[in-house]
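Dear colleague,

Please find below the structure that I am handing over to you.

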Amino acid sequence: MTLNYFAQEIVLPVVITLFLIGIIFRMLLFLYFQINRIRSGAVDSKSITTDLLRRLSPYHKAMQARPVFTMLRYALHIGIIVVPLWYSGHIYLWEGSQLQWSWTALPDKIIDWITILVIVLLALFFIQKVIRYHCDSKPKPSEWVLLVLTALPFLSGFFYTRHLLPAGGFLGQNMELIHVLSGEVMILAVVFLSLTIRIDSDKCTGCASCKINCLAGAIESSEDSTTRTFNYQPASCIVCASCIAACPEGAVELKHHLSLSSIFRNGKKAPIMAVELKKCDFCGAPFATLPLIRNAATLIDSDQVVFCNDCKQQSALHMLNR
């Protein structure tokens, strides 16, 4: 038994089965939380279909805030789906499998150009992450891993089908195996891949625009005497990017998060941001977030922003009665 046979005939069916089980489980988890929202009276039953469609077509609200970046991400994801499903070589393998599935393939030239587009876009996103690493916010290690896992099947497939490597070398002899194994790893990675929001702590002012405009109620906030905390539940999120469009500071992003435990933690509410509250200089009651007060102080007299509304009114009435 060769490694190529083992990877294609034994490992691949197992990988596809696990992929389908994982996708179905995540879909059922999403529907479970949507049904709970209906039972609680937060939404009506008609919203399940709408929310599901939003979940399957993310970034549409983000188009308002970052049109070019969002369009590039759309193009990348479309390419990642089209090439594996409509390449003639892959369809030939499905025809020869036990399932004997078959469908019309796209011309190989079109697949080649889409593959090149995917590789170029991945390179651009890699450069973007390098720039971010040396500037404001450093990408998480899982973001680098995800880029590599996505790029390997496309690079190896392009080199293999175009015969761009010497046949006698190690890579030339094993490129098919590298392509199959990297593709299988990528398929499994999708099961543990989450598209969730991330808030930049350096930009966020705690204004709660993201929470107020969240269509699914996935973002919640709570306060104590010193802090406003924002909690996020990925399983309830419909990935509509309304929070991105609403954030006045551009602090919210939709990010892919790769984690082996993410599929089991999607249903948990977890804190994603905590902002210090400003206390009124007169009565001592917390009334706004400290970053908001600092921003306001740069625009108006700082004496007017250190008091809560009640104390401001009392002060105004006192001045009028003098």
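A cavity here is a set of grid points where a 1.4 Å probe fits but cannot get out, and its volume is the space filled by probe spheres set on those points. Please note that this is a predicted model.

Searching the whole structure gives 3 cavities of 30 Å³ or more. The largest cavity has a volume of about 100 Å³. It is lined by 16 residues, of which C214, C237, C240, A241 and C243 are the closest to its centre. By class, this lining consists of 14 nonpolar and 2 polar residues, with no charged ones.

The second largest cavity holds about 80 Å³ of space. Its lining has 13 residues, and C204, C207, C210, C247 and V252 are the closest to the centre. Here the classes are 8 nonpolar, 3 polar and 2 charged residues.

As to the nonpolar cores, the largest has 22 residues, and those with the most contacts inside it are I197, I219, F230, C243, V252 and L254. At least two residues each are supplied by strand 1 (193-199), strand 3 (227-232), helix 10 (242-246), strand 4 (252-258) and strand 5 (270-279). Strand 1 gives the largest share, 3 residues.

V252 deserves a separate entry. Leaving aside residues up to four places away in sequence, V252 touches R66, I197, R198, I199, C210, C243, I244 and C247. There is also a second, separate core of 15 residues, among them Y87, I114, V118 and F154.

With kind regards

Technical notes. Residues are numbered from 1 along each chain as its sequence is written. This is a predicted model: local features need pLDDT of at least 70, side-chain atom pairs count only at pLDDT 80 or more; totals for chains, interfaces and linings use all residues. Side-chain values use heavy atoms; hydrogens and water are left out. On a 1 Å grid over the protein atoms alone, a cavity is a set of points where a 1.4 Å probe fits but cannot get out, and a pocket is an open set with protein on both sides within 12 Å along at least five of seven lines; lining residues have an atom within 4 Å of a point. Ala, Val, Leu, Ile, Met, Phe, Trp, Tyr, Cys and Pro count as nonpolar, Asp, Glu, Lys and Arg as charged, and the others, Gly among them, as polar. A nonpolar core is a set of buried Ala, Val, Leu, Ile, Met, Phe, Trp, Tyr and Cys residues joined through side-chain atoms within 4.5 Å. Buried means under 20% relative accessible area, exposed over 50%, partly exposed in between (1.4 Å probe, protein chains only). Helices (H or I, at least four residues) and strands (E, at least two) are DSSP runs, numbered from the N terminus. Contact means heavy atoms within 4.5 Å.
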